[in-house]
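Colleague: I would like to go through this model with you. Could we take it one question at a time?

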Amino acid sequence: MLKDKKIVLGITGGIAAYKAVEIASRLRQAGAEVHVIMTKEAREFVTELTFREISGNPVASDMWTPVTQWNVAHIALARLADLMLVAPATANIISKAALGIADDMLTTTLLATKAPLFFAPAMNNNMYENPVTQQRIAELRERGCHIIEPASGHLACNVNAVGRLPEPETIVAAIDQFFQGAEMLRGKKVLVTAAGTLEPIDPVRFIGNRSSGRMGYAIAEEAQQRGAEVVLISGPSALKPPSGLQRLVRVETTAQMREAVLSEFPDSDIIIKAAAVADYRPKVVAANKIKKNNAELVLELEKNPDILLELGKLKKSEQILVGFAAETQNLLEYAKTKLEKKNLDFIVANDITKPDAGFNTETNLIKILSRDGRIEEFPLLSKHKLAAIILDRIMMLRQ
Ligand code: CTP
């Protein structure tokens, strides 16, 4: 997948900079066109000459030296890149990139490019685990950047801990996998529902739930990165839509979500219903604000249609339908019943009573139940990682 891909490799000033030599070499051997940008600090660890020879291209590092090959070097490289990889990525470059600081060739190129960005952090474990660094990494992730997580092992500061640059082979494999993934859903329409629906009681109040939309938004983002045409149908959510999302349909009530889903469903190849749908709605929506005149207030609720149940009945054999089950008890039993009753290809079950799992969290703890009775359990993972796992499982269904 790396053949003829134009990769801009940013090298920053960490002891692992020497490993970037092998990264550049492997990328080139795999057929990629490699352009190296070094920071001033990186040049203290490794020489430009090495990278010029390994990449077969001039090395960019100083903004001010006239470069003959490009008009404006950082803009030219930013435009040319199919992908940018910063390896090793120091705490400094991570924070600068997250904040949009552009004070040298590498940071200006990072800011000017529209190419996918990969960072491979490598640093002392305390620096890596520092909440400041973690927050910046989370910000980069939120903006769609990819983080190749550091390995654990011997660090230059003579401790055994997390912070090592992963082996060049692993980094190159991650890039290769990305290009593979970017093609996998090309030509497929993926319909994702996210966040909770809400049901009005009067012009001011509503019945709602705690869903933030994070899981569904992460799935939409991942599907888009894999080349799919994505339609995200979302209940109210404070999240920023994934960058570059083709279509976002905002709804409030279950009835609106149903209408939007049914109109997109017929030509969708993959449908993932991550939304927390309100099962009931007030029978009567008061035209005016309800006053607190009585000691008790009784709201009569009526049942909403079960959208997923309806989709399960309409589903054609080539369509893939995935549902979610958020439960507080009997997780597997309830999830299995929903999988069968709603005619799903698989169901993602999560026990929302577990810490850091379920609604309004960055992470989730899930089990995937398949039609053939298989149950896969996963450890506590970020919703972004889980989105990738869910899409991997969907692709496996079609192999
Ligand atoms: N769902 C839906 N329409 C509804 C309710 C749920 O499409 N009216 C979908 C959700 O998007 C989710 C799945 O069904 O993918 C499971 O939701 P859940 O509320 O757990 O299912 P219910 O069948 O409503 O089960 P329960 O008996 O627990 O209420």
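Modeller: On the side of domain 1 that touches domain 2, the classes are 1 nonpolar, 3 polar and 3 charged residues. This is a predicted model, where local features need pLDDT of at least 70, side-chain atom pairs count only at pLDDT 80 or more, and totals for chains, interfaces and linings use all residues. Residues are numbered from 1 along each chain as its sequence is written, and side-chain values use heavy atoms, with hydrogens and water left out.

Colleague: Which residues form the salt bridge?

Modeller: The count between domain 1 and domain 2 is 1 salt bridge. The term covers a side-chain nitrogen of Lys or Arg within 4 Å of a carboxyl oxygen of Asp or Glu. Here the N to O distance is 3.1 Å, and the residues are Glu-149 and Lys-385.

Colleague: What are the bounds of domain 1 and domain 2?

Modeller: Such bounds come from an automatic or database domain assignment. The C-alpha centres of the two domains lie 36 Å apart. The assignment gives domain 1 as 6-182 and domain 2 as 185-398.

Colleague: How much of the ligand does the protein bury?

Modeller: An oxygen atom of the ligand lies 2.7 Å from a backbone N or O atom of Lys-273. A polar backbone atom of Pro-305 is 3.0 Å from a nitrogen atom of the ligand, and one of Leu-308 is 2.8 Å from an oxygen atom of the ligand. Taken alone, the ligand exposes 570 Å² (accessible area by the Shrake-Rupley method with a 1.4 Å probe; for residues, only the protein chains shown count as cover). Of that area, the protein buries 77%.

Technical notes. Ala, Val, Leu, Ile, Met, Phe, Trp, Tyr, Cys and Pro count as nonpolar, Asp, Glu, Lys and Arg as charged, and the others, Gly among them, as polar. A polar contact is a pair of N or O atoms within 3.5 Å; within protein, one must be able to donate a hydrogen and the other to accept it, and residues adjacent in sequence count only if both atoms are side-chain atoms.
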